[in-house]
Amino acid sequence: MINMAFLALALTRPTLVGALAPSSRRLARAMAEQVGSASTVIELGAGTGAVTAALRAVAPHSPLLAVELQRHLAAGLKRRFPDVEVSCAAAHEVLEERALAPGDTVLVSSLPFRSLPEPLRTTTLQSLLVFVEAHPGRRLVQYTYQPRAPFALPRASRLQWTLREVVWGNLPPAGVWVLKNAGAA
Ligand SMILES: C[S@@+](CC[C@H](N)C(=O)[O-])C[C@H]1O[C@@H](n2cnc3c(N)ncnc32)[C@H](O)[C@@H]1O
């Protein structure tokens with residue numbers, strides 16, 4: 001079914017959305033399955049809540065913070081998921097505020113890194129890399145429609161990408177990637 005609020009945003013702010021439709025259920029489930037036993041999950045770019053719903057299904061009682069920049073989408077998330085903490089803010093602001101989050105926090109992101117406008121893209125990437133590098137147990141789960149990692153890492157980075165799954169049933173097919181500290185379990 002077409003989500004009109006999402007489609008309207010995709011047409012008016014395409015660089016912030018990077019897709020014409022919310023994540024499919026298959027893609028959302030594949031993302032959520034990468035969370036494992038994390039004590040805290042922070043979802044970035046929660047949009048209409050497709051991934052939020054999958055995260056709730058795999059870990060109904062874990063602390064979950066859903067971050068969404070667009071006010072009307074954040075309001076929709078609050079209505080749909082009364083037990084989820086929702087922050088209407090930019091991802092980098094939340095990551096900086098939550099620097100002291102538990103060392104096994106997992107970030108689950110639908111942020112469209114390939115289309116985000118500068119300087120938002122660089123600011124967001126920097127805060128995300130700092131957040132994950134700060135503890136060996138932290139990870140980022142990110143999907144991309146491209147046949148390569150979601151974004152390139154700086155040369156000196158201690159982080160590494162792993163492709164975990166390709167969701168062929170998503171339109172277009174999407175790779176689910178995990179970014180973690182090299183050598184971490
Ligand atoms: C691909 S869409 C959301 C997909 C989501 N999984 C869904 O099913 O609706 C990306 C979302 O990221 C949000 N977004 C873009 N840049 C952001 C930022 N810097 N901080 C927080 N949210 C952001 C957009 O408003 C949009 O809702």
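1. A nitrogen atom of the ligand lies 2.9 Å from an N or O atom in the side chain of S23, a polar contact in the sense of a pair of N or O atoms within 3.5 Å. The model is a predicted one, in which local features need pLDDT of at least 70 and side-chain atom pairs count only at pLDDT 80 or more, while totals for chains, interfaces and linings use all residues. Residues are numbered from 1 along each chain as its sequence is written, and side-chain values use heavy atoms, with hydrogens and water left out.

2. An N or O atom in the side chain of E68 is 2.6 Å from an oxygen atom of the ligand. For L69, a polar backbone atom is 3.3 Å from a nitrogen atom of the ligand. Taken alone, the ligand exposes 610 Å², of which the protein buries 99% (accessible areas by the Shrake-Rupley method with a 1.4 Å probe).

3. The elements giving two or more residues to the shell around the ligand are α2 (14-17) and α4 (50-58), helices being DSSP runs of H or I with at least four residues and strands runs of E with at least two.

4. The ligand is surrounded by 23 residues, the closest being V17, S23, T48, E68 and A91; a residue is counted if one of its heavy atoms lies within 4 Å. By class, the shell holds 16 nonpolar residues, six polar and one charged.

5. Two salt bridges are found in the whole structure, each requiring a side-chain nitrogen of Lys or Arg within 4 Å of a carboxyl oxygen of Asp or Glu. R56 pairs with D83, with the closest N and O atoms 3.1 Å apart. Because R56 lies in helix α4 and D83 in the loop between α5 (71-80) and β3 (85-87), this pair ties together parts 27 residues apart in sequence.

6. Most peptide bonds are trans. The bond from E118 to P119 is cis, with omega near 5°, and P119 lies in the loop between β4 (106-109) and α7 (120-133). A cis peptide bond also joins L171 and P172, with omega about -5°; P172 is in the loop between β6 (159-167) and β7 (174-181).

Definitions and conventions. A polar contact is a pair of N or O atoms within 3.5 Å; within protein, one must be able to donate a hydrogen and the other to accept it, and residues adjacent in sequence count only if both atoms are side-chain atoms. Ala, Val, Leu, Ile, Met, Phe, Trp, Tyr, Cys and Pro count as nonpolar, Asp, Glu, Lys and Arg as charged, and the others, Gly among them, as polar.
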